[in-house]
Amino acid sequence: MRRLLLLCGALLALASAAVAQSDTSQILIPKRIFVGDTAELHFVFSSGLDFFADDDNVSEKHLLASTLPFKMENDDFTLRNAVIRKTGAQYSVVLTFIPWKVGLIDIPPFDLYAAVFGASAVPFMIDYAPIEVSSIMQGDDVPLKPFASPLLFPGTIYFVYAQIAVLLALLAFVVQMAIRWQKFSAKFRERRMLRRNARNARKAIRRLKKLARTSPKLSDVVFCSAIQKIFRDYLTERFGVPFGALTKNQFIPVFNTLTVSAVGGFALDNFEAIVEIFTRTDYIRFARGSLEAKRLPAERFAAAFRDGEREELLATSRAVIKLFER
């Protein structure tokens, strides 16, 4: 079937060769091209030869690159696409290319029949006229024009001014909303922190009250451990630092680090009061049976609580926590 089509095409080519070569034109898009531009070169002709005889449903075919007498990539240009298009009885061979040199580029002629069908009994030659590639350095060819004001319809300038005013107002609104959002976020975070601290303080005071109720049943050592545990949990939640892993001698330095030593007065006094509570309870926990605990007077050196001392310690602890939340 393919050989029959080639034979028929060859006979038609002989009959219409003269007509095919007579009515031709060449179009370059754009008309003026420079090195590196992508351009299209159209070769338009009329012919009785049907290049779409094997498929009437298409109006465009790609040319076979292997049949062209030049490489797709060469020193003069790069061929990106090559097609033949049909519009009625008229054909257009379109080469899409990028030029790489300034001056005239002469694309070698090629057999269109072979480029379409892969073989040709009778050559049907397409010969493009040389095309010129301009240089951007030739400024005298394209003189620069002076700057001109934009052309506006009557009254348009007021519309432009109105748009600028609206944009400025919108920008001011966005900035104002961003500032308000930052203030709102800061206030929200502050309130959330205050609620969390208040919850933590209430929890610690409830635990102190419970410890006061169970105090008569507890030994001095157990009581001391319990009150220290309450304070360590409270301080860990309050300041976000694991006070459970710190010794009492580290409390003040850590507090100064957290506040960059900028907080003084009652806040520092509160921490010193906590350190005193830990000092007293540590002595009772660890000095029992030691020579120090046997010194006189006993009310000063004994490793045990004096009468009413537990109540005093609990009252001081509650007062310290309440002062922190002020």
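Mentor: Two packed helices are described by the angle between their axes and the distance between the axes. In this predicted model, the axes of helix α3 (residues 156–214) and helix α8 (residues 309–324) come within 10 Å and cross at roughly 175°. Axes are lines fitted to C-alpha atoms, for helices over the stretch in contact, and angles run from 0 to 180 degrees between N-to-C directions. Helices (H or I, at least four residues) and strands (E, at least two) are DSSP runs, numbered from the N terminus.

Trainee: How are α3 and α8 oriented to each other, roughly parallel or roughly antiparallel?

Mentor: Angles under 35 degrees count as roughly parallel, over 145 as roughly antiparallel, 65 to 115 as roughly perpendicular and the rest as oblique. The helices α3 and α8 are therefore roughly antiparallel. Their contact (heavy atoms within 4.5 Å) involves Ala201, Ala204, Ile205, Leu208, Leu211 and Ala212 of α3, together with Leu314, Ser317, Arg318, Ile321 and Lys322 of α8. By class, the contact has eight nonpolar, one polar and two charged residues. Here Ala, Val, Leu, Ile, Met, Phe, Trp, Tyr, Cys and Pro count as nonpolar, Asp, Glu, Lys and Arg as charged, and the others, Gly among them, as polar.

Trainee: In what order do the five strands of the open sheet stand?

Mentor: Two strands pair if DSSP finds at least two bridges between them. The order in the open sheet is β1-β3-β6-β5-β4, with antiparallel pairing. Since β1 (24–29) and β4 (60–62) stand at the edges with a single partner strand each, one side of each is left without a neighbour in the sheet. From one strand to the next, the twist averages 20°. Strand β4 is joined to β5 (residues 77–87) by three bridges, and His62 stands opposite Val83 in β5.

Trainee: Which strands pair with β10?

Mentor: Strand β2 (residues 33–34) pairs with β10 (residues 131–134) in the parallel sense over two bridges, and Ile33 stands opposite Val133. Strand β7 (residues 103–105) pairs with β10 in the antiparallel sense over three bridges; there Ile105 has Ile131 as its bridge partner.

Trainee: Is Glu73 buried or exposed?

Mentor: Buried means under 20% relative accessible area, exposed over 50%, partly exposed in between (1.4 Å probe, protein chains only). Glu73 lies in the loop between β4 and β5 and has a relative accessible area of 58%, so Glu73 is exposed. Of the 326 residues in the chain, 33% are buried.

Trainee: What is the peptide bond from Ile29 to Pro30, cis or trans?

Mentor: Most peptide bonds are trans. The bond from Ile29 to Pro30 is cis, with omega near -5°, and Pro30 belongs to the loop between β1 and β2.

Terms used:
Residues numbered from 1 in each chain as written. Predicted model: local features only at pLDDT ≥ 70, side-chain atom pairs only at ≥ 80, totals over all residues. Heavy atoms only, no water.
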